[in-house]
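Biologist: I would like to walk through a model with you. Please take it feature by feature.

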Amino acid sequence: MVPIVFEKTTFCGFVTIMLASCSNLSTPTQAPITENSATLYRNSPLEQQTRLLVATFNGNMMDNGNMENCGMTARVLNANMDAVNKAGGTQRDPQLGFWCEPGVNSEGPVPSSFESEFPSNVRTLNSW
């Protein structure tokens, strides 16, 4: 009987931990904006000079980590757009894509080209 009680206790403890973990997921929190923040943008096929904010990378990272992670994400998303178009027998419009800029929600022109890479490694983009 001791092994059965032990298994039940362990299972209940596991369920309690899982419920506590799940309840933490439902509480949205705003990460603080840091001086090393980076923002991922995309332009629109309807209005190519319009910049759409996709995500802000504002983790508590040293050096240029947010910009590196944002740049890697942009390259992979552009490569995904290339792959989807290739599978459909078309080419991606070279004036559409994802890009990153340092800071949070800035304004400015849309880049004229977009890097594409899959798989991609974290590396610093110096194109801004």
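Modeller: Residues are numbered from 1 along each chain as its sequence is written, and side-chain values use heavy atoms, with hydrogens and water left out.

Biologist: What is the mean pLDDT of the protein chain?

Modeller: pLDDT is the predictor's confidence in each residue, from 0 to 100. Where it is low, the predicted coordinates should not be read in detail. Here the chain mean is 77, and 69% of residues reach 70 or more. Residues 1-28 have pLDDT below 50. Beyond near neighbours in sequence, that stretch makes zero contacts in the model (heavy atoms within 4.5 Å).

Biologist: In which order do the three strands form the sheet?

Modeller: Strands of a sheet pair through backbone hydrogen bonds, either parallel or antiparallel. Strands here are DSSP runs of E, at least two residues, and helices are runs of H or I, at least four, numbered from the N terminus. Two strands pair if DSSP finds at least two bridges between them. In this model the order is β2-β1-β3, in an open antiparallel sheet. β2 (51-57) and β3 (98-102) are the edges; each has a single partner strand, so one side of each lacks a neighbour in the sheet. β1 (residues 38-43) pairs with β2 over six bridges. Ala 38 has Phe 57 as its bridge partner in β2.

Biologist: Which strands does helix α2 touch?

Modeller: Helix α2 (residues 65-87) packs on the sheet and touches β1, β2 and β3. Its direction makes about 170° with that of β3. Axes are lines fitted to C-alpha atoms, for helices over the stretch in contact; angles run from 0 to 180 degrees between N-to-C directions.

Biologist: Which residues does the disulfide join?

Modeller: A disulfide is a covalent bond between the sulfur atoms of two cysteines. The cut-off is a pair of cysteine sulfur atoms within 2.5 Å. Here Cys 70 is joined to Cys 100, S to S 2.1 Å. Cys 70 sits in α2 and Cys 100 in β3, so the pair ties parts 30 residues apart in sequence. The S-S torsion is about -95°, so this disulfide is left-handed.

Biologist: Is Cys 100 buried or exposed?

Modeller: Buried means under 20% relative accessible area, exposed over 50%, partly exposed in between (1.4 Å probe, protein chains only). Cys 100 is buried at 6%. Cys 70 is buried too, at 0%.

Technical notes: This is a predicted model: local features need pLDDT of at least 70, side-chain atom pairs count only at pLDDT 80 or more; totals for chains, interfaces and linings use all residues.
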